[in-house]
Amino acid sequence: MRFGTKAIRAGQEPDPITGAVVPPIHTASTYVQAKVGELKAGWEYARSGNPTRGALERSIAALENAQYGLAFASGMAAETAVTSLVRSGEHILATKDIYGGTFRLLRHLREKYNVQSTYADFTDLNRLEEAFTPQTRLVWIESPSNPTLVVVDIAAIAEVAHRHGALLVVDNTFASPYLQNPLDLGADIVLHSTTKYIGGHSDLIGGAVVTNDPELYEKLYRYQNDFGGVPSPFDCWLTLRGIRTLHVRMETHCRNAMAVAQFLESHPKIEWVRYPGLPSHPQHELARRQMRHGFSGMVAVGVKGGAEVAQRFCEGTKIFNLAESLGGAESLIGYPPKMSHASMSAEERAWCGIPDNMVRLSVGLEDVNDLLEDLQQALEQC
Ligand SMILES: *Cc1c(COP(=O)(O)O)cnc(C)c1O
């Protein structure tokens, strides 16, 4: 099956009992048993497994060309499950271009559980080797990254990670499975905040992990069941509802974001624009090779005049809502230094390439001319 068919059909077969074309929301916490220790249809207790969640897990696995999928209560719960593969004293090597929440999670694990972690610049593959230690178990990247929109070579990094005996984890939230399938490029684990493009409507919090490795799946499943960070049946159902239009939504996100990026690149009040689809992007050629259909809906810009002008720009839009998060139908605007990346020190932000004049846009599905007019009027006033 091709992507658009999988988005609508995989895991979402008609209900065998009623014929319902949409997977039902199974709310039961427990399932009656045929005999002691003998289950009727494989379901036992809803933390361990639930048919609505099972449908979502099959769907996301299919979209990422994976054998196994697991759904979690949030992207961070999914990330925590993946970090459980590392023991105290071992090491996670992460890209310096990373989601603010991942940065906080790794700091927490380092300070409290002695799980070591360091950051490196993954655009420089020659210097990457130096960042490994004999204890490195996981390599953790995003491409494109949040909020810097850096694109890294997933296949090349997989090769380096494997040579050092480490697993490659890719946070694929920004690209979505429609634009990129990291397992096909050699990654061992792919994770998503399904809160973003996969859910797509800013109405749920969720996460997912997929892999092709049965042993990794077994470990991650055990973690999910032991630690219990599972999503509710209703959230699984909402996520499945979002997935059915993922390919259609992504096409418009990509088209609108390209128009916004081009508009801002020619605007006199904008110092620089970062969008992987623009030839000015430092890894534009790599992005073209590695991604398909387009370059997603996230655009970062530097506003001339510094931090205060940038914040006034964020506060002056009328259609773009000033809010955290991304990937929904509605366009959002945010100021990473005081929002998503506020937990970093000014030095850490500078090292990660998050200057004080940075504004991040999640370009939604509205009419693109209204979006451009909104940005124009906000820039005129800031
Ligand atoms: C939002 C986000 C997360 C965390 O997901 P939650 O669903 O908010 O827990 C992780 N990675 C990236 C890239 C994100 O944008």
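The legends below describe close-up views of a predicted model.

**View 1. Packing of helix α10 against helix α14.**
Helix α10 spans residues 246-265 and helix α14 spans residues 368-381. Their axes lie 10 Å apart and meet at an angle of about 30 degrees. That angle makes α10 roughly parallel to α14, since angles under 35 degrees count as roughly parallel. The crossing of the two helices, α10 and α14, is right-handed.

**View 2. Residues in the contact of α10 with α14.**
From α10, the contact involves Asn 256, Ala 259, Val 260, Phe 263 and Leu 264. On the α14 side stand Val 368, Leu 371, Leu 372, Leu 375, Gln 376 and Leu 379. Nine of the residues in this contact of α10 with α14 are nonpolar and two are polar, with no charged residue among them. An α-helix has 3.6 residues a turn, so residues three or four places apart point the same way.

**View 3. The stacked pair Tyr 68 and Tyr 217.**
Seven aromatic pairs are found in a search of the whole structure. One of them joins Tyr 68 to Tyr 217, with ring centres 4.6 Å apart and 15 degrees between the planes, and is stacked. Tyr 68 belongs to strand β3 (residues 68-72) and Tyr 217 to helix α8 (residues 214-227), so this pair ties together parts that are 149 residues apart in sequence. Tyr 68 has a relative accessibility of 24% and therefore counts as partly exposed. Together with Tyr 221, Tyr 68 and Tyr 217 form one aromatic cluster.

**View 4. The edge-to-face pair Tyr 275 and Phe 295.**
Tyr 275 and Phe 295 form an aromatic pair that is edge-to-face, at 6.4 Å centre to centre and with 75 degrees between the planes. Tyr 275 sits in the loop between β10 (270-274) and α11 (284-290), while Phe 295 sits in the loop between α11 and β11 (298-303). The two residues are 20 residues apart, and the pair links distant parts of the chain. Tyr 275 counts as buried because its relative accessibility is 1%. Phe 295, with a relative accessible area of 15%, is buried; the cut-off for buried is under 20%.

**View 5. Burial of helix α3.**
Helix α3 covers residues 75-83 and is mostly covered, with seven of its nine residues buried. The buried residues in α3 are Gly 75, Ala 77, Ala 78, Glu 79, Ala 81, Val 82 and Thr 83.

Conventions
Residues numbered from 1 in each chain as written. Predicted model: local features only at pLDDT ≥ 70, side-chain atom pairs only at ≥ 80, totals over all residues. Heavy atoms only, no water. Axes fitted to C-alpha atoms, helices over the stretch in contact; angles between N-to-C directions. Helix = DSSP H or I, 4+ residues; strand = E, 2+ residues; numbered from the N terminus. Parallel < 35°, antiparallel > 145°, perpendicular 65-115°, else oblique. Left-handed = near helix turned anticlockwise from the far one by under 90°. Contact = heavy atoms within 4.5 Å. Nonpolar A, V, L, I, M, F, W, Y, C, P; charged D, E, K, R; others polar. Phe/Tyr/Trp six-rings, centres within 6.5 Å; stacked < 30°, edge-to-face > 60°. Buried < 20%, exposed > 50% of the residue type's maximum accessible area, 1.4 Å probe, protein only.
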